[in-house]
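Me: Can you take me through the ligand sites in this one? I'll ask as I go.

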Amino acid sequence: MELKKFLEDKGTESALIEVFKAIEDASKVVQSEVSRAGLGADIYGAKGSENIQGEEQQKLDVYADECFIKEFRACGQLAGLASEEQDDALQFDESLNGEYVIMIDPLDGSSNIDVNVAIGTIFAVYKRVSEKGSGLEEGDFLQAGKHQIAAGYVNYSVSTQLVFSTGSGTHIFTLDPNSGEYRLINENVKFPADGKVYSINEVNLDDFDDNLKRYAQICKDKRKADGKRMYTGRYIGSLVADFHRNILKGGIYVYPATVDSPKGKLRLLYECNPMSFLAVNAGGKGSDGTQDILEIEPTELHQRCPFYVGSPVMMDEALS
Ligand code: AHM
Ligand code: MG
């Protein structure tokens, strides 16, 4: 089944279906560019600029950001956007009657672009809190994750997949290269209750607090009845790809506070919130180590936080 029909059948508001159309269209353009990257086209490498977080921007980061902004501006239902690659939130003056705002990480996993490893686009949609037709306010963007009305990601990998939730289940669509359409392949995907994968950048182990060090050790020590190890480590370094594997196979992803990133590395608004929304809608959990991610009241656009997300049994063990 195609995306538009699926959303219509679910009774999705027509304005939100138009937002999904914009995501669909922009992701196809980005997918096409990503797939040309291996041909030696001049799209690999650094752009020579930094984003507001002091991170070097890759050419594809900037390209993806421009593609999504162009489609979102044209869509007419979005009054504005916040992006990892934009210092400040953007207001779309031509669409102030739009009732939604969107947050994006246009190309997550930037360090993997040049080495042909999976990368992704992450998005989160909210109803604006300010009056339709008026200018946007800070509060439109600084909403707790529990107020998301839709969230998802596009995983540009062996195939390109769109994974999203509008608040009732998490669904997977695959881009069919023949028809150029996203097709439903997995409705109501469920995080396996338990898993065997733990995904964490262990080079930071010395920086972890004692509880997390202990959890990492438990993961290494745990054995099944036959003496074989219970868990295995898998860490791609693209949140989208690590999350995608874990939602299908069962597992936990952790990016805690470290010396290099004392508040954690990942951004609450366009990384942790949407991934937690997807996890919760698939029976998983998302936490900053002490509280539910979706309950955090943001104070800054590019706010970072420690992030734990995954299968419920593994999450409960890690958090305990
Ligand atoms: P990015 O949005 O700049 O690509 O950074 C986020 C990425 C995540 O996709 C990934 O899980 C993490 O950073 C990897 O960081 P590290 O290399 O420190 O393990
Ligand atoms: Mg990212």
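Reply: What follows covers the two ligands in turn; note that the model is predicted.

Me: Start with ligand 1. Which residues come nearest?

Reply: There are 17 residues around ligand 1, and the nearest are Asn201, Tyr235, Leu239, Tyr253 and Tyr255.

Me: Which side chains have a polar atom by an oxygen atom of ligand 1?

Reply: Tyr253 has a polar side-chain atom 2.7 Å from an oxygen atom of the ligand. For Tyr255, a side-chain N or O atom is 2.6 Å from a ligand oxygen. Lys265 also has one, at 2.8 Å.

Me: And how much of ligand 1's accessible area does the protein cover?

Reply: On its own ligand 1 has 470 Å² of accessible area, of which the protein covers 86%. Strands β5 (100-108) and β13 (251-255) each give two or more residues to its shell.

Me: What's the makeup of that shell?

Reply: It divides into 7 charged, 5 polar and 5 nonpolar residues.

Me: Where does ligand 1 sit relative to the domains?

Reply: Between domain 1 (3-186) and domain 2 (197-319), because both give residues to the shell.

Me: Switching to the magnesium ion, ligand 2. What coordinates it?

Reply: Asp105 (OD), Asp108 (OD) and Glu271 (OE) do, at 1.8 to 2.0 Å. Along the chain, these donors follow the spacing D-x2-D-x162-E.

Me: Which elements do Asp105 and Glu271 lie in?

Reply: Asp105 is in strand β5 and Glu271 is in helix α7 (residues 268-281), so the pair ties together parts 166 residues apart in sequence.

Me: Are Asp105 and Glu271 buried or exposed?

Reply: Asp105 and Glu271 are both buried.

Terms used: Residues are numbered from 1 along each chain as its sequence is written. Chains are lettered from A and ligands numbered from 1 in the order in which they are written. This is a predicted model: local features need pLDDT of at least 70, side-chain atom pairs count only at pLDDT 80 or more; totals for chains, interfaces and linings use all residues. Side-chain values use heavy atoms; hydrogens and water are left out. A residue is near a molecule or strand if one of its heavy atoms lies within 4 Å of it. A polar contact is a pair of N or O atoms within 3.5 Å; within protein, one must be able to donate a hydrogen and the other to accept it, and residues adjacent in sequence count only if both atoms are side-chain atoms. Accessible areas come from the Shrake-Rupley method with a 1.4 Å probe; for residues, only the protein chains shown count as cover. Helices (H or I, at least four residues) and strands (E, at least two) are DSSP runs, numbered from the N terminus. Ala, Val, Leu, Ile, Met, Phe, Trp, Tyr, Cys and Pro count as nonpolar, Asp, Glu, Lys and Arg as charged, and the others, Gly among them, as polar. Domain bounds come from an automatic or database domain assignment. Donors are N, O and S atoms within 2.8 Å of the metal (3.2 Å for Na, K and Ca); water is not among the atoms, so sites may look incomplete. Buried means under 20% relative accessible area, exposed over 50%, partly exposed in between (1.4 Å probe, protein chains only).
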